[in-house]
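Colleague: I have the two sequences and the model on my screen. Can you take me through what the coordinates say?

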Amino acid sequence: MLNPTHELCSIPMPDQYFGMDDYGKGTPRWCPGCGGHSILASVQRVCKDLQYPPEKTVCVSGIGCSSRFPHYMGTYGFHGLHGRAFPVACGIKFRRPDLNVFAITGDGDCCSIGAGHWVHAIRYNMKMVVLLFDNGIYGLTKKQTSPTSPMGTLSNTHPAGSVLPPINPIQTTLGLANVSFVAQTTDWNSAHLYATIRKAADHPGLAFVRIVQRCPVFMRDLYGDIATNKDELILLSHQNGIDLKPSALQSFKHILEHDPSNIHKAREHAETEDGIPIGLFYQNTSSPRYDLYGAHNRGMNTTDKKWALESLLDQYTIRNN
Amino acid sequence: MGDIKDIRELPQKKVIKPVKLDEHIIEIVSDSGEGAQKCGQSLGAISAKMGNGVWTVEIIPAEIQPPARSREGASGIRVRIGSKKVTNTGNYANLVIALNEQVIYGRLRQDAYDDQTVMFIENKWATHELDSIRQQYADAIDEFKALGIQVHEIPMETECLKLTPNPRKGKNMWVLGLLCYIYNRDVSKAEEQVQSIFRKKSQAIIEMNLRLLRAGYDWAERNIELHFEIPAMQVSSDQVVMNGNESLSLGIMAAGIELCSMYPITPATSVTHHLAEYFERVGGIVHQAEDEIAAIGFAIGASFAGKTAITVTSGPGLALKTEFLGLAVMAEIPLVIIDVQRGGPSTGLPTKVEQSDLLAAIYGEAGDAPKIVLAAATIEECFHFVILARKLAESFRTPVILLSDANLATGVQPFPRPKIDTEWFSAPIDQSPWKEDTKPFDWDPQTGLSKRPIPGQKGGMYTVTGLAHGPHGRVAYEPEINQNSAESRSRKIAAFQKTLKPPIIHGDAEGDLLLVGWGSTLGAIEEAVDRARNLDFKVSSLHLRFMFPIVPGLTEIFSRFKKVITVEINYSDQLGDPMITKENRRYAQLAWYLRAKTQFDIDCFSNVYGQPMNPGKVFQLIERELSEGTNNINS
């Protein structure tokens with residue numbers, strides 16, 4: 001599609017303009033009221049606003065309700081194995097710096113079966129956006145305790161209530177080596193959700209976003225109140241934080257100034273039990289990136305390759321002619 | 001002093017005309033860390049450079065630093081040098097250098113020596129300060145002599161102390177010098193070798209080792225009456241000398257693969273050590289993943305993104321990778337997996353040879369997951385089969401497992417230098433627009449084949465999924481689609497099988513006995529068959545490389561022999577055991593598989609002592625089978 005402004009304007013314009021439709025595919029099969037719907041719309045909007053070519057964008061997921069996500073995107077997608085979105089996403093990005101990568105994971109996927117990969121993906125710090133859809137319950141397999149279920153959660157695996165304290169994904173991620181971007185948002189505050197993913201997409205490294213998500217079927221009570229009661233959310237605000245319009249700020253009763261370059265304060269806020277802090281906890285744009293290492297010697301031509309290989313074989317050769 | 005005369009009585013060099021030999025098997029056995037392997041590898045390399053056929057195999061204890069002077073701690077190397085091509089480790093050693101007597105017990109238990117073996121043993125233990133050690137040594141010498149071994153006690157430590165205060169480091173080069181005299185090796189080539197192995201060390205260390213080498217040579221010239229000549233082979237083409245893991249590594253590079261994603265595991269890891277040193281020169285990179293699962297997941301991601309990647313592992317790692325392997329089959333993602341097999345199950349025998357992953361490689365995944373499985377039989381094939389595997393993975397849009405084993409991994413052998421062809425390299429990533437009307441799984445009804453879109457190709461956007469899916473790649477809930485997609489994935493493997501030729505029979509096309517092998521046992525089997533055929537036994541052999549799908553023509557070939565037996569290094573129940581019947585007997589893996597494929601009553605000869613197959617054992621099998629006058633059990 002040619003941009004009609006081409007002949008009217010001397011400012012270079014892209015040949016093709018992608019609309020929201022270009023990023024959608026099929027009809028999401030998530031339950032009505034599931035947080036997945038609004039996250040999908042926000043990601044599509046970010047892709048559109050950044051004009052990511054759909055063919056240069058890959059959404060990678062594991063298994064679980066969250067991980068159906070790639071099927072609803074008009075981009076390339078990889079719906080892989082339970083807990084294993086990170087290795088696949090990292091493998092895709094390692095030698096393809098031209099691709100925009102989103103890794104979609106859930107609380108069971110990331111914090112339980114794939115927890116080992118979580119630790120290392122943070123450390124690799126390859127440029128990609130990681131969205132942790134955290135609804136505190138296993139949904140696809142029908143209500144088992146998740147590692148982020150609050151203690152006492154009644155589930156099919158713990159009918160008398162879960163017995164261990166949950167993992168706090170923000171606190172955990174902030175404790176990992178080479179962490180470079182940690183943010184938290186919710187599925188029901190669409191302005192903050194969009195602004196957070198937008199900020200994550202610009203980050204030069206791995207941007208870890210935990211999305212506090214409602215499950216209206218199995219965890220109706222977990223965030224039901226918070227979604228309507230503004231008291232529970234604490235907005236972390238800073239000039240280098242999540243960029244919200246003044247009108248969006250009005251929806252928050254509690255606003256806390258937090259400098260995202262301060263990891264110690266970030267860890268303190270992550271541990272708060274006063275409410276749910278949302279915003280940018282931590283960002284460091286100069287952490288070492290493994291994708292830059294992976295891409296450093298790509299595209300060697302066949303002549304050079306043949307020459308290098310021949311000289312390598314020379315080391316092992318006994319000449320007989 | 002033992003049978004050898006004291007150096008002071010024989011100060012003059014003697015001129016002895018070397019005795020010509022067709023071949024000799026030499027072992028150097030020591031405690032771990034005494035450099036025996038470096039010594040043997042050098043002897044092998046010098047001999048290969050002189051034009052001899054060579055096969056070396058390392059003797060490796062499972063522990064990094066087992067206790068000194070322990071029977072289980074035997075560490076060392078066996079070198080077989082011949083005037084013809086050498087294809088296996090051989091039977092009994094002709095000559096062994098022992099740095100202590102205890103490690104020899106370990107080798108005796110593995111049947112490494114017979115009454116023809118000549119031994120040179122360090123004599124410092126005879127005067128050790130501890131009574132117990134002196135006693136152990138004296139007892140051992142008596143025992144070895146009683147076995148018929150010709151024992152020479154020699155003053156290795158005393159001689160080395162004249163040059164270095166720490167003979168533990170350096171004795172190996174003195175021994176190399178000694179062996180260079182005995183086998184009349186070219187001293188200048190030996191000196192080049194010493195300079196090469198210590199190239200990363202200081203000049204002082206190189207000088208010291210050169211002095212030790214010459215000292216060992218001179219001492220042997222004055223004191224040892226054995227002097228041999230093993231004439232060179234008549235070879236006109238350039239040869240390369242390397243072990244199987246180096247060959248795999250070079251094969252990976254020659255295949256144009258640019259990413260190897262791995263997790264450390266013995267005995268596969270040295271493939272990636274070699275790659276890590278050289279891969280970047282040819283545009284590749286090694287990723288050390290956080291675990292075996294991540295290693296294959298990362299490789300699958302890279303393959304999905306356009307360039308077929310490789311992951312290298314051993315048995316326990318293969319087990320961990322099975323879920324991802326199933327995904328690669330389901331999602332039709334090209335991928336190469338190398339499995340350098342070791343003893344199993346579980347941690348098993350990490351440093352020892354076994355061929356126990358065949359069925360796991362073919363059938364290991366949950367669900368129906370057909371894929372291609374190849375097995376390299378020689379060090380040369382390790383190189384060429386990686387190139388083949390990458391091509392097959394892409395042509396048939398499938399994972400390909402390439403099996404090697406611990407015997408090939410550390411064995412060193414010369415083979416013709418490959419003529420690098422740029423056709424071997426993978427093509428650049430296709431980024432041309434995708435034909436909009438082509439579905440991502442547009443299975444050809446005849447061949448099951450389809451073309452895959454690659455991220456970056458405009459119009460090709462689709463989502464890979466491990467869920468059942470139809471030609472559009474979308475999740476399918478209709479039973480017909482699942483049946484049809486399973487058929488397509490199976491059909492393309494059948495289509496590949498149609499391109500294969502029947503295997504070549506070694507020996508006559510019919511006879512009393514056919515031995516069937518796979519992997520590193522090739523040389524031992526063929527050597528035994530040749531020896532038996534010279535004695536008029538009607539025995540032949542064939543060796544399989546394409547394990548799944550299986551090569552055509554086997555039923556027809558088997559029908560021309562009275563008996564078919566597989567020779568393998570894995571477990572099988574022994575007939576004759578009162579607990580074992582024909583019904584409950586567990587067969588060796590290839591035998592089990594071929595029985596199902598061909599419906600012949602195939603027997604097997606296999607064990608799990610962790611040792612390479614040797615021609616003597618195979619010859620005994622042939623003798624036993626053919627002197628019993630067995631009937632045609634296949635009819």
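The questions below go from the chain contact to rings, cysteines and backbone details.

Colleague: Before we start, what kind of model is this?

Modeller: Treat each value as computed from coordinates. The model is predicted.

Colleague: What area is buried between chain A and chain B, and what share comes from carbon and sulfur atoms?

Modeller: The size of an interface is often given as the accessible area lost when the parts come together. Between chain A and chain B that area is about 5,500 Å². The share from carbon and sulfur atoms is 61%.

Colleague: Which three residues supply more than any other three of the area that chain A buries against chain B?

Modeller: Together they supply 15% of the area that chain A buries there. The three are A:Tyr76, A:Tyr316 and A:Ile318.

Colleague: How close are the N and O atoms in the salt bridge of A:Lys305 with B:Glu258?

Modeller: Five salt bridges are found across the interface of chain A and chain B. A salt bridge needs the nitrogen within 4 Å of a carboxyl oxygen. For A:Lys305 and B:Glu258, the closest N and O atoms are 2.7 Å apart.

Colleague: On to the rings. Why is the pair A:Tyr290 and A:Tyr293 stacked?

Modeller: The structure holds 26 aromatic pairs over all chains. In this one, the ring centres are 5.6 Å apart. Planes under 30 degrees apart count as stacked. The planes of A:Tyr290 and A:Tyr293 stand at 15°, so the pair is stacked.

Colleague: Which helix holds A:Tyr290 and A:Tyr293?

Modeller: The two tyrosines are three residues apart, about one turn of the helix. An α-helix has 3.6 residues a turn, so residues three or four places apart point the same way. Both tyrosines lie in chain A, in helix H10.

Colleague: Is A:Tyr293 buried or partly exposed?

Modeller: Buried means under 20% relative accessible area. A:Tyr290 has 17%, so A:Tyr290 is buried. A:Tyr293 has 36%, so A:Tyr293 counts as partly exposed.

Colleague: What kind of pair do B:Trp174 and B:Trp219 form?

Modeller: Their ring centres are 5.5 Å apart. Stacked pairs have planes under 30 degrees apart, and edge-to-face pairs over 60. Here the planes are at 50°, so the pair is tilted.

Colleague: Which helices does the pair of B:Trp174 and B:Trp219 link?

Modeller: B:Trp174 is buried at 0% relative accessibility, and B:Trp219 is buried at 3%. The pair links distant parts of the chain, with the two residues 45 apart. The helices of chain B are H5 for B:Trp174 and H7 for B:Trp219.

Colleague: Which residues form one aromatic cluster with A:Tyr76?

Modeller: The cluster has members in chain A and in chain B.

Colleague: Which ring does the charged end of B:Arg71 sit over?

Modeller: In chain A, A:Arg45 lies over the face of A:Tyr194, at 3.8 Å from the ring centre. In chain B, the charged end of B:Arg71 is 3.7 Å from a ring centre. That ring belongs to B:Tyr105.

Colleague: How many disulfides does the search find over all chains?

Modeller: A disulfide needs two cysteine sulfur atoms within 2.5 Å. The sulfur of A:Cys47 is 6.4 Å from the closest cysteine sulfur, in A:Cys59, too far for a bond. A:Cys215 is in no disulfide either, with the sulfur of A:Cys31 6.6 Å away. Over all chains, the count is zero.

Colleague: Which residue is joined to B:Pro267 by a cis peptide bond?

Modeller: B:Pro267 lies in the loop between strand S10 and helix H9 of chain B. Omega of the bond is about 0°. The partner is B:Thr266.

Colleague: What is phi of A:Asn178?

Modeller: A:Asn178 sits in the loop between helix H5 and strand S7 of chain A. At 24% relative accessibility, A:Asn178 counts as partly exposed. Phi is positive in this residue other than glycine, near 65°.

Notes:
Residues are numbered from 1 along each chain as its sequence is written. Chains are lettered from A and ligands numbered from 1 in the order in which they are written. This is a predicted model: local features need pLDDT of at least 70, side-chain atom pairs count only at pLDDT 80 or more; totals for chains, interfaces and linings use all residues. Side-chain values use heavy atoms; hydrogens and water are left out. Rings of Phe, Tyr and Trp (its six-membered ring) pair if their centres lie within 6.5 Å; planes under 30 degrees apart count as stacked, over 60 as edge-to-face and the rest as tilted. Helices (H or I, at least four residues) and strands (E, at least two) are DSSP runs, numbered from the N terminus. Buried means under 20% relative accessible area, exposed over 50%, partly exposed in between (1.4 Å probe, protein chains only). A charge sits over a ring if NZ of Lys or CZ of Arg is within 6 Å of the ring centre and within 35 degrees of the ring normal. Buried area is the accessible area (1.4 Å probe) that two parts lose on being put together, summed over both. A salt bridge is a side-chain nitrogen of Lys or Arg within 4 Å of a carboxyl oxygen of Asp or Glu.
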